[in-house]
Amino acid sequence: KKVRPQPITGAHAAHNPAGCSHVSGFKVDNWKQNLRLIYQCFVWSGSVETRKRKVTLNSMLTLFIVPVLFFSHSAIDLLYGGIYCFVCQDYIYDKEMEQIAKEEQRKAWKLQGIGEKYSMWEPTKRELELLRHNPKRRKITANCTIGLRGLINLGNTCFMNCIVQALTHTPLLRDFFLSDRHKCEMQSNSCLVCEMSQLFQEFYSGHRSPHIPFRLLHLVWTHARHLAGYEQQDAHEFLIAALDVLHRHCKGDDNGKKANNPNHCSCIIDQIFTGGLQSDVTCQVCHGVSTTIDPFWDISLDLPGSSTPFWPLSPGSDGSVVNGDSHPSGATTLTDCLRRFTRPEHLGSSAKIKCSGCHSYQESTKQLTMKRLPIVACFHLKRFEHSAKLRRKITTYVSFPLELDMTPFMASSKESRMNGQYQQPVDSLNNDNKYSLFAVVNHQGTLESGHYTTFIRQHKDQWFKCDDAIITKASIKDVLDSEGYLLFYHKQFLEYE
């Protein structure tokens, strides 16, 4: 029995390259010229006159409906130029109409002098030719290992390898480097960003053999001389040095050119890793508050067992769940450390500051809170203590969660905190402040002799342990039971599969 083919409608029509049959009825006589006229006059307003005409038309229509221009069974959205079919009851795609819309949009942008700023990427003839000759596509599956690659230890370079693994699995940083967004203005053999770009290509090439990062090590020695040599180094120190050099070498990129002020740079490093730390100093006499906001790439947290007095544990330390962090009785959590970091601290009589209200030196309290959160939050647990009397490693176990809500530690939540104890605010559903764990750097051994490894999240709940050249599958329990030295969290609302 033959089955009569059904017409393509609705959402299916939207994905059909040929468009829909109803809009095809519009393609008579001088339809292309008429469509160009619609885009020129009402959608992509290039000249001052057309912009005035569009404003007038919008004001004539209701403000609660997207302004549309009707023709036949269809309408054109005046805000974005999309074509809506009333019969299909959906936005549709038509290749010829789309091409006309793009051409008119470019003309309008050129008239306004912003063509370069908003130029859209389209594949070149060479790229299309390569795609035709290489039809095989790589599909991401649950068992996919693309991006997993070991790194050869070049002589006590595990401190570098563990940070490279964390950076190469940072989603937005990966997308930046794999899309060739870096425009170098340095000699390519001396630019750390160029080398990182090449490193990402190596990691996501599909090769399984361990990579030898000798060029990266040479550039690190060149630009961060305090890390040069084959002696053991601190992974946290390497992370900050690497971010600093990458930040300085990103100046040639489009966003990096816009800001010469290092505290307000919009290069890819600052877009991902930079947050704002608010410091409020309150005078104990007049209660005047002096506020400063400083940029940060990471947050260093004190641990119990250090020579610094540790703040008492939170009410949740009796085995309950705090901030998604279930922990055994008496165990310290990452939340505890953050509470201590953001608690008010009395500076004492030996650290008086000059109050602008009292015009004299007075005792004061200082409190740190998060004014602006970065996309990637890195927490440094201060396990290595260096003081006049002590040089040792603190092995205190700190429980950290897979998901972290930073809302309690925001400057906007400060008024909800009383006497150092946080009270849950009503607005605790702010997804902008919620993070997911994606990398953990661990240190095994002593202060004098040790080894760094990294747990990285491949996708969803797939975790792997990176031990220099060796990569093995890991469980979530393995990750959460680890000691933890550097914890990397990514904003949840910017994550995707």
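**A strand pair and its sheet**

Modeller: Let us begin with strand β5, residues 275-283, and strand β14, residues 364-372, which pair in the antiparallel sense over eight bridges. Two strands are said to pair if DSSP finds at least two bridges between them, and a strand is itself a DSSP run (E, at least two residues), whereas a helix is a run of H or I with at least four residues, each kind being numbered from the N terminus. This is a predicted model, in which local features need pLDDT of at least 70 and side-chain atom pairs count only at pLDDT 80 or more, while totals for chains, interfaces and linings use all residues. Residues are numbered from 1 along each chain as its sequence is written, and side-chain values use heavy atoms, with hydrogens and water left out.

Within the pairing, T282 stands opposite T365 in β14. Strands of a sheet pair through backbone hydrogen bonds, either parallel or antiparallel. Here four strands make up an open sheet in the order β6-β5-β14-β11, with antiparallel pairing. Its edge strands are β6 (289-296) and β11 (345-346), each of which pairs on one side only.

Turning to the chain, we find 15 helices and 26 strands. Of its 497 residues, 45% count as buried, that is, under 20% relative accessible area with a 1.4 Å probe and protein chains only. Among contacts (heavy atoms within 4.5 Å) with a separation of 6 or more, 65% are between residues 24 or more positions apart.

Methods
Buried means under 20% relative accessible area, exposed over 50%, partly exposed in between (1.4 Å probe, protein chains only).
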